Amino acid sequence: MIKASYILVSRNDNYCGDSLGRLCNTLNFLGEALSKTNNLSYSELVLVDWASPDKPLKDILPKKINNHIKSILKIVTVPPLTAQKYQKDSPFSEVHAMNCAFRNISGKYFMRIDQDTLVGYRFIDWFYNIFEVKNFGFKWPRAAFSGRRNLSSQESLDFRHIIRDQKLSKEIDILHPINYSNTIFPKPMIIPFYGSAVGIMIIERELFIEKKGFNEELIYMNQMDVEFLNRISYKEIIYNLSRKIENDFYHQNHDRSEAAASDLQ
């Protein structure tokens, strides 16, 4: 039975430099990790190609990715005319792309990661060996969130060694450490842990349906994850996975000229 439906939205457009290279790193490393931990059969990866201006990803990726990830990969290609209809004057409507991905999953959990974010082994161990597997005397929540760490340009070149090393991986800078610590500002106001840049966002399939998915009015970058999780938090507990696995997600370094505002902080 498929438990994890990893979701990536991307396109072949050289966004912030070598976006295709970063995507291949993400896919290949996840395939390797799931294979080494014997979790491929419980997983799938749905990749939405949102109107690639160059060759579509389905024509490029097969030669660049390993057989592990290839065995669980489904690519959904959205053509330019369809994308333009929904994104309007936005360069890329992630909310539409992610809702499209959801319609193509078969797993119990919708698990959103960025196309250039690497998944670590602490997370894999927690999700497949602890979450819903072990009974701690409480009901497991239906949604969870973890922030991420930012690899420097040099660290990005050596990401495999760093992520596999439990000491080195915890030394990588955390993006938005205030959210990670859930600090109270002097104002007063509370910064929710899920207000940081996403490492992973996990939502049970039925809960995603109940809440009607991502808000498709939010066609511009930023705040779509927070808005969705705010809706969920009215009646559901959101698990603070950031602290449990110590932000075991790693964003690859790239040029920031086109990046979302939250990534520049």
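Is Cys24 buried or exposed? Cys24 is buried, with a relative accessible area of 7%. The views below walk you through this predicted model, starting with the sheet.

**View 1. Seven strands make up an open sheet.** Reading across, the order is β3-β2-β1-β4-β10-β6-β11, and the pairing is mixed. The edges belong to β3 (73-78) and β11 (238-240); each has a single partner strand, so one side of each is left without a neighbour in the sheet. On average, neighbouring strands are turned by 20 degrees against each other, direction ignored.

**View 2. β6 meets β10 in the antiparallel sense.** Here residues 143-146 (β6) pair with residues 200-204 (β10) over four bridges. Look for Phe145, which stands opposite Met201 in β10.

**View 3. Two buried cysteines, Cys24 and Cys100.** The relative accessible area is 7% for Cys24 and 12% for Cys100. Because buried means under 20% relative accessible area, Cys100 counts as buried at its 12%. If you are wondering about disulfides, a search of the whole structure finds zero.

**View 4. Residues 258-265 have pLDDT under 50.** For this stretch the model has 21 contacts beyond four places in sequence. For the protein chain, the mean pLDDT is 92, and 92% of its residues reach 70 or more.

Methods
Residues numbered from 1 in each chain as written. Predicted model: local features only at pLDDT ≥ 70, side-chain atom pairs only at ≥ 80, totals over all residues. Heavy atoms only, no water. Pairing = 2+ DSSP bridges. Helix = DSSP H or I, 4+ residues; strand = E, 2+ residues; numbered from the N terminus. Axes fitted to C-alpha atoms, helices over the stretch in contact; angles between N-to-C directions. pLDDT = per-residue confidence, 0-100. Contact = heavy atoms within 4.5 Å. Disulfide = S-S within 2.5 Å. Buried < 20%, exposed > 50% of the residue type's maximum accessible area, 1.4 Å probe, protein only.
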